[in-house]
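Biologist: Could you open the file, so that we can go through it together?

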Amino acid sequence: MNALEIKNLNKTYPDFKLDNLNLTLPSGCIMGLIGENGAGKSTTVRLILNMIRKDSGSITILGRSHECKIELTKEEVGVVMDEVGIPECLTVKQVEKIMKNTFRSWDENEFRRLINKLSIPENKQFKDFSRGMKMKLGTAIAMSHNSKLLILDEATSGLDPVVRDEVVEMFNDFTRDENHSILISSHIVSDLEKLCDYIAFLHKGKLLLCEEKDKLLSEYGLIHCTAEALQSLPEGAVRFKKENPYGAKAMVLRSKVPASINICPISIEELFVFMVKEAG
């Protein structure tokens, strides 16, 4: 069973359209939803969570329509948005009591374990938490009611490198169980590159591609050469190029480039930038 299936999903606003989105997230995997600000990442997340209504298409979460048995689905989906919606006057102990009465499958022992591991203060009010501490608490909550799918919208945005590393480690631990999956949206591509099994590129409401990360990195590469050498490459080898008076830099399909030409590895961030420029 796939953790998430999105088919022909559309949502139109006066100044934006999410256009015929198709995504599949297999169980046990982490998918990074990458896009610049305004690309449609948060719209996609809100549609999945049924926070806004779609115009057309279908969304299946853990084998069920997101509109069917929504209470049961929400029990099995942990959510962390870019702003953790906890009243500022509450402490961790008070939050725990509320969550215990909110989720039927609340796991008190797991929550205690995560709170201790992340050194989250129990008696400090939420309003006095740093952004990093707020996100760690939100993540601990999301992972403490036996969730099978985590949906994270810009959950690492604005965190310092040390906290980001802690949160990323938590996500990796979570998906060691093959029944656990994660969809994480972010414009911080470097976080997703080391975390994700699948990468989906959104640009202006359109999906540029959705593919296994390792396959993308093995399929594409970078070359640095003269403009003349670039022109001599076989048709279809160059996906995107940048030229200047000193030479050329190009994203290429490795399979179409002669073995005599040195091809450098390409990062997911470089791949995304090239594809966005190609899409215009």
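Predicted model: local features only at pLDDT ≥ 70, side-chain atom pairs only at ≥ 80, totals over all residues.

The chat below goes from the overall build to single residues.

Biologist: What share of the residues counts as buried?
Modeller: Of the 280 residues of the protein, 49% count as buried. As for the surface, the protein exposes about 13500 Å², and carbon and sulfur atoms supply 48% of that area.

Biologist: Let's go inside. How many residues does the largest nonpolar core have, and which of them have the most contacts inside it?
Modeller: The largest nonpolar core has 57 residues, and those with the most contacts inside it are L137, I184, F201 and L271. There is also a second, separate core of 29 residues, which includes A39, L49, I61 and A200. As a general background, nonpolar side chains in soluble globular proteins tend to be buried together.

Biologist: Take L271, then; what does L271 touch?
Modeller: Leaving aside residues up to four places away in sequence, L271 touches F201, L216, Y220, M251 and I266; F201 is, like L271, among the residues with the most contacts inside the largest core.

Biologist: Switching to rings, how many aromatic pairs are there?
Modeller: The structure holds five aromatic pairs. One of them joins F126 and F129, whose rings are 5.7 Å centre to centre with 50 degrees between the planes, a tilted arrangement.

Biologist: Are F126 and F129 buried or exposed?
Modeller: F126 is buried, because its relative accessible area is 2%, and F129 also counts as buried, at 7% relative accessibility.

Biologist: Which residues form the aromatic cluster?
Modeller: F103, W106 and F111 form one aromatic cluster, and two of those names come back when we look at E96, which touches W106, E108, F111 and R112 if residues up to four places away in sequence are not counted.

Biologist: Where is E96, and why does E96 count as buried?
Modeller: E96 has its place in helix α3, which covers residues 92-100. E96 counts as buried because its relative accessibility is 7%, and the cut-off for buried is under 20%.

Biologist: Now the loops. Where does S27 lie, and what does S27 touch?
Modeller: S27 lies in the loop between β2 (16-26) and β3 (30-34), and its contacts, not counting residues up to four places away in sequence, are M1, N2, A3, E178, H180 and S181. With a relative accessible area of 28%, S27 is partly exposed. Its C-alpha atom is separated by 21 Å from that of K41, 14 residues apart along the chain.

Biologist: Last one: where is Y246, and is Y246 buried or exposed?
Modeller: Y246 is in the loop between β12 (238-244) and β13 (247-253), and Y246 counts as exposed, since its relative accessibility is 80%. Between the C-alpha atoms of Y246 and K127, which are 119 residues apart along the chain, the separation is 53 Å.

Definitions and conventions
Residues numbered from 1 in each chain as written. Heavy atoms only, no water. Buried < 20%, exposed > 50% of the residue type's maximum accessible area, 1.4 Å probe, protein only. Areas by Shrake-Rupley, 256 points an atom, 1.4 Å probe, with all protein chains shown as cover. Helix = DSSP H or I, 4+ residues; strand = E, 2+ residues; numbered from the N terminus. Contact = heavy atoms within 4.5 Å. Core = buried A, V, L, I, M, F, W, Y, C linked by side-chain atoms within 4.5 Å. Phe/Tyr/Trp six-rings, centres within 6.5 Å; stacked < 30°, edge-to-face > 60°.
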